[in-house]
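Biologist: I would like to learn how to read the features of a structure such as this one, step by step. Could we go through it together?

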Amino acid sequence: MATPKVDPDLCTGCGICEDICPDVFEVQDDGLSHVIDPNACDDADCCEEAVDECPEGAISME
Ligand code: SF4
């Protein structure tokens with residue numbers, strides 16, 4: 001099973017991934033997106049879209 005990962009060196013905290021996959025990504029107090037539930041990708045099938053839509057290319061599936 002592929003799980004999403006956010007590269008903190010690339011993420012700007014724009015929140016697009018959170019808009020697309022709110023069960024998976026959350027922009028937290030540090031201003032960066034964090035993966036709060038990698039298993040939610042299976043249910044929502046939105047992680048690939050988040051990978052494609054992240055303007056910084058900060059999300060990868062591993
Ligand atoms: S879409 Fe990309 S740059 Fe924007 S918050 Fe998510 S991981 Fe960070």
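Modeller: Let us start with a term that will be needed throughout: two residues are in contact when heavy atoms of theirs lie within 4.5 Å. Please keep in mind that what we have here is a predicted model.

Biologist: With that in hand, which residues does Ala40 touch, not counting residues up to four places away in sequence?

Modeller: Once residues up to four places away in sequence are set aside, Ala40 touches Asp23, Val24 and Asp45. Ala40 itself belongs to helix 2, which covers residues 40-44. Although Ala40 and Val24 are 16 residues apart along the chain, their C-alpha atoms are separated by 5.7 Å.

Biologist: Is Ala40 buried or exposed?

Modeller: A residue is called buried when its relative accessible area is under 20%. Ala40 has 6% relative accessibility, and therefore it counts as buried.

Biologist: Where is Ser33 placed, and why does Ser33 count as buried?

Modeller: Ser33 lies in strand 3, made up of residues 33-35, and it counts as buried because its relative accessibility is 5%. Leaving aside neighbours within four places in sequence, the contacts of Ser33 are Val6, Cys11, Cys17, Phe25, Glu26 and Val27. By way of contrast in position, the C-alpha atoms of Ser33 and Asp43, 10 residues apart along the chain, are separated by 20 Å.

Biologist: How many cavities of 30 Å³ or more does the structure hold, and which residues line the largest cavity?

Modeller: A cavity is a space where a 1.4 Å probe fits but cannot get out. The structure holds one cavity of 30 Å³ or more, and the largest cavity contains about 70 Å³ of space. Ser33 is one of the residues that line the largest cavity, and the others are Val6, Cys11, Thr12, Gly13, Cys14, Cys17, Cys54, Glu56, Ala58 and Ile59. Sorted by class, this lining consists of seven nonpolar, three polar and one charged residues.

Biologist: Where does the ligand sit, and which residues surround the ligand?

Modeller: The ligand sits in the largest cavity. The residues surrounding the ligand include Ser33, together with Val6, Cys11, Thr12, Gly13, Cys14, Gly15, Ile16, Cys17, Cys54, Glu56 and Ile59. By class, the shell around the ligand has seven nonpolar, four polar and one charged residues.

Notes: Residues are numbered from 1 along each chain as its sequence is written. This is a predicted model: local features need pLDDT of at least 70, side-chain atom pairs count only at pLDDT 80 or more; totals for chains, interfaces and linings use all residues. Side-chain values use heavy atoms; hydrogens and water are left out. On a 1 Å grid over the protein atoms alone, a cavity is a set of points where a 1.4 Å probe fits but cannot get out, and a pocket is an open set with protein on both sides within 12 Å along at least five of seven lines; lining residues have an atom within 4 Å of a point. Grid points are joined across faces, edges and corners, and a volume is the space filled by probe spheres set on the points. Ala, Val, Leu, Ile, Met, Phe, Trp, Tyr, Cys and Pro count as nonpolar, Asp, Glu, Lys and Arg as charged, and the others, Gly among them, as polar. A residue is near a molecule or strand if one of its heavy atoms lies within 4 Å of it. A molecule sits in a cavity or pocket if more than half of its atoms lie within 2 Å of its grid points. Helices (H or I, at least four residues) and strands (E, at least two) are DSSP runs, numbered from the N terminus. Buried means under 20% relative accessible area, exposed over 50%, partly exposed in between (1.4 Å probe, protein chains only).
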